[in-house]
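I am opening a notebook page on this structure. I want to set down what I looked up, entry by entry, with the cut-offs beside each term.

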Amino acid sequence: TPLYSSAASDVYKRQGMYYVEFKKTDYTMRKYNAHVNYWMPIDTGTGVGLHDASWRGSFGGGIYHGNGSHGCINMPTSKASVLYHMLPVNTPVIVH
């Protein structure tokens with residue numbers, strides 16, 4: 001099952017290992033005025049994290065070529081819920 005969409009541009013292409021810094025539910029990303037049910041930031045300096053994206057109709061494949069995220073890892077709400085409840089804070093996240 002595809003879980004994410006990559007960055008649409010060069011906004012976030014820093015490869016490396018990051019960590020889930022904290023977790024929040026019922027969160028509004030102020031920069032984009034977008035509400036998410038599950039927020040798991042991996043780089044608070046850039047605002048990048050893992051989250052649900054209810055506004056998307058599909059995930060994965062080639063959608064990032066014209067309709068990707070600004071750097072976050074987007075996923076369906078059901079998948080974000082599973083991940084949120086499974087991952088403890090400080091879980092490594094590898095970006096490549």
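**Entry 1, conventions.** I am working with a predicted model, in which local features need pLDDT of at least 70 and side-chain atom pairs count only at pLDDT 80 or more, while totals for chains, interfaces and linings use all residues. Residues are numbered from 1 along each chain as its sequence is written, and side-chain values use heavy atoms, with hydrogens and water left out.

**Entry 2, the chain.** I find two helices and six strands in the protein chain, taken as DSSP runs numbered from the N terminus (helices H or I, at least four residues; strands E, at least two). Along the sequence they follow the pattern β-β-β-β-α-β-α-β. Of the 96 residues, 38% are buried, where buried means under 20% relative accessible area, exposed over 50%, and partly exposed in between (1.4 Å probe, protein chains only).

I traced an open sheet of four strands in the order β2-β3-β4-β5, with mixed pairing; two strands pair if DSSP finds at least two bridges between them. Strands β2 and β3 (residues 34-43) run antiparallel and are joined by five bridges, and M29 stands opposite A34 in β3. Helix α2 (residues 77-86) lies across β2, β3, β4 (48-52) and β5, at about 45 degrees to β3. For such angles, axes are lines fitted to C-alpha atoms, for helices over the stretch in contact (heavy atoms within 4.5 Å), and the angles run from 0 to 180 degrees between N-to-C directions.

I asked which elements give two or more residues to the lining of the second largest pocket. They are β2, β3 and β4, and the largest share, three residues, comes from β3. A pocket here is an open set of points on a 1 Å grid over the protein atoms alone, where a 1.4 Å probe fits, with protein on both sides within 12 Å along at least five of seven lines; lining residues have an atom within 4 Å of a point. The lining counts 23 residues, and M29, K31, Y32, G47 and C72 lie nearest the centre.
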